[in-house]
Amino acid sequence: MTIRSAAPAIVARSLSRRFGSFTAVDRISFEVQAGEVFGFLGANGAGKTTAIRMLTGLLSPSDGEASVAGFDVRTQIEQVRRHIGYMSQRFSLYDDLTVRENIRLYGGIYGLTDAEIAERTTAILAELRFAPSVAALVRSLPLGWKQKLALSVALLHRPAVVFLDEPTGGVDPITRRQFWELIYQAAARGTTVFVTTHYLDEAEYCDRLSIMVDGRVAALGTPSALKAEFSVPTLDEVFVRLARGPATGAVL
Amino acid sequence: MSASAIHVAGIEKRFGATTALRGVSFDVEAGELFGLVGPDGAGKTTLFRILTTLLVPDTGSATVLGKDVVRDYWDIRLRVGYMPGRFSLYADLSVEENLSFFASVFGTTMAEGRDLIDPIYRQIEPFRERRAGALSGGMKQKLALCCALVHRPDLLLLDEPTTGVDAVSRREFWDLLDTLRATGLTIVASTPYMDEAARCDRIALIQNGALLAIDAPGAVGRRFPRPLFAVRGMSRTRLLTALRAYAHAASVYPFGDTVHVSDARSGIAMEQQQLELSEWLRAQSVTDVSVVPVEPGIEDTFMELMGEPSPVAA
Amino acid sequence: MTTRFSSVGALRAFMRKEVRHLLRDRQTLLILLLLPIAQLLLFGFAVRTDVSQVRIAVVAPSPGAATAALRTRFEHSGRFRLLPPLLHPDSLDALFRSGQADVGVVLEPGLSSRLAAGVPTAVLIVADAADPNTGTTMKNYASAVVRDWVASLGAAPGAVQLATRLRMRFNPTLESVNLFVPGLIALILTMVTSLMTAISLSREKERGTFEVLLVSPLHPWQIIIGKVLPYLALAMANVATVLLAAWLVFDVPFRGSLALLLASSMLFSLVGLALGVLIASVTTSQLAAMLAALGGTMLPNTMLSGLIFPISSMPRPLQLVTNIVPARWFIEIVRGIMLKGVGLTILWPQVLVLTVMLLVLLTLAIRKTSVRLA
């Protein structure tokens, strides 16, 4: 897959989505560069899920425009889908299929050749320290391993951009860090990573982040720039200030 | 034993080939806010189900409020409030209907439990006509808490009450637990978030069905066996590569915007360890290096005690 | 802390919640309420075909003026098409078998002389009952024509004895709207009781609310009763709808005791509910519960109850299996009450069978419903 290094991997311009009279996403604009690890933060109900659905072509925007991997999310849904990977905490792999079967399934869905699938399966099994003969059902894996496997599967077709929706919820602290190493490896290979998380220490691992509040991007920048902007020592406090608003934030 | 709200001794529980709990023992004092900290699949839910009399342990014994979980399950059920992992609400019933249903199930009314749940209920009262299914995650969580409290239990058991909830709502939720603890209520809550553990009186770290440590949150950090350093430097990747290549490194874990590193050698002063580490990094051409001693936290200890995870389910 | 626990209050609250679930899910509720009527209309009208162009054969061993008059009457009735006259009853049989005749009228030899001498004579009307409903209708039309004809003969009362017979070829059960209604009641009750309770109980398990209910002071039997009673009420409402619609739209007779019918419907519903609870207690997902309820209750109650296929025409082993199908016994009870007007003196064995089934299923359901998680 060729990645046009000069062009941003994700562009959102005044992207909006309304449901009836409710505006879930309100004119958000940002750019994510190729190979960047971009944290997409916000409280429950701030509009993150709606924004991700628009960027992955699942929902059409009410207003504004966006492109992912150079393709318009309104008009080039097919191409967008082919160039992205997606993984969420709720659903990523089939529990009742084995590790290999899951890899083969997604390889097939994305049109990889048998040789490519075989080669990448071996690579994934080695990377995740599975025995080459592994026949375990995904159901039997510890959550952390399941999530690492899900990430590898989402990257199987070498997408230009991968969307990770709360990928590490409930995962033990060591495996969580291993998961982030996989994220860095993918980014080093040029894949753009768009990730949401409720762990604010993980937000520190991002190159840049945005924090959504009430459908708008309330803050955007590198972790250190954001901490400096709000003159607080941790991102946790940046987040709390923004999400609770200045009035209540001061009480804390 | 009667002073303990919960007394657990040597509990084991197996499901077929998998062992969910392997010899778990601990006590929770009356009035305590006790945290059960560990990742998904560590055995927290099984433990809660044994304490709520929903499951019978294979071996070992447990008493809750002085009653045996196997023999006196009826007395226990009347006196505990339980919030299972998934918020167990009826999505098609309104906030008010859910609450009054759970009140009647326990033979009480919303009015009778009102003063206890008031600080929480006030926050969801504006939405009392709304169906539970249409609430945000944080609101659902507060409603579920109200439902577990409405019959004025003597013990509150919360299984991962903050899972899937954003950092702000999580904070607010723990503020609510503080308020409840102030009324003298005994609370046991589980969480995979290490930062939440700091808000408990005492915590038990749990991993793979076994307790790794039981202590006050501050003391858990002090169980970390070696001096710990927070390391910074330009380019995280280069920094991590250099640290992993360091022959004396016992542990290297990214921690927010730093990397926590400890030295495996025990006979060497902390200052010496710090100095050698800085020199190693500079030798590896990592720029802007800073190595400062840091107080180990709960997560540091947890990672130290849990050992390297393996892809094979326990 | 004193916790005075009122089981009645808790049970009432539970039922109120259950009714709310039912009312909130408008789509399902509407389906449950309208389905019986839709099914009744569908089956009722599908079974009723218009009777016209009935091919009739008159067997007159001694043709004369009287037999000619009968033929003319059939010709002019507008519904019949006369086949060439026959002299011998045996030839009628051949016509039936080859499907060339729908109705036959058989007159006795020497009809005119018998009438003149005042000797009683018999007239037999045979209708082909391949489709029992049209068979009956055709037979009735033919009887009406024959009666008019007898009256026109000016014979003494009792001189002509009219006998009618349905000739059964394929379908000895005589299925018709009348006979269909009992089966329909059984089907609807099965759906509302077994299927709906199994689904709604397993839904609580799947959503985790069951866990909270178990930890509450509610006894499992209270959960079950609270779950089951609203569905029982819905089931009885459905029975009333079907009966009312059957009576209004199709003039289905109702000869026996309404109280007995309602009581036995309640008994059958309880059997269904116990089955539903049992299914929910052994399945772990809504889908599994639904499939188990479909396969374990709907299917046998439809196929092996005599509702669609007559039991007497099933292979012997299947006939034995029908004995454990609750709907089989219930349909017999309802047919007995509605169509024959018989009461408990006749129907007690069926009622007894259902009662035993209920006790067995209840025991199993209570045993399987643990006070703990499995």
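Q: Two strands pair if DSSP finds at least two bridges between them, where a strand is a DSSP run of E with at least two residues and a helix a run of H or I with at least four, both numbered from the N terminus. What makes strand 3 and strand 9 of chain B a pair?

A: First, a word on the model. It is predicted: local features need pLDDT of at least 70 and side-chain atom pairs count only at pLDDT 80 or more, while totals for chains, interfaces and linings use all residues. Residues are numbered from 1 along each chain as its sequence is written, and chains are lettered from A and ligands numbered from 1 in the order in which they are written. Now to the pair: four bridges join strand 3 (residues 33-37) to strand 9 (residues 202-207), and the two run parallel. The definition asks for at least two bridges, so they pair. One of the bridges sets G35(B) against I203(B).

Q: Why is strand 3 of chain B called mostly covered?

A: Five of the five residues in strand 3 are buried. L33(B), G35(B) and V37(B) point one way, F34(B) and L36(B) the other, and both sets are buried. In a regular strand the side chains alternate between the two faces of the sheet.

Q: What makes a nonpolar core, and which residues of the largest one touch the most other members?

A: A nonpolar core is a set of buried Ala, Val, Leu, Ile, Met, Phe, Trp, Tyr and Cys residues joined through C-beta atoms within 7 Å. The largest has 169 residues, and L143(B), C146(B), I187(B), V242(C), V271(C) and A274(C) touch the most other members. Helix 7 (residues 177-207) of chain C gives the most to this core, with 14 residues. Apart from it lies another core, of 75 residues, including L125(A) and V162(A).

Q: How do you know which chains touch?

A: Two residues are in contact if their C-beta atoms, placed from the backbone, lie within 7 Å. Two pairs of chains are in contact, and chains A and B share the most contacts. That contact takes 34 residues from chain A and 30 from chain B, with helix 6 of chain A giving the most to its side, six residues. Chain C puts 28 residues in contact with 26 of chain B, and helix 1 of chain C gives the most to its side, eight residues. Chains A and C do not touch; their nearest C-alpha atoms are 15 Å apart.

Conventions:
Buried ≥ 20, exposed ≤ 12 C-beta atoms within 10 Å, placed from the backbone.
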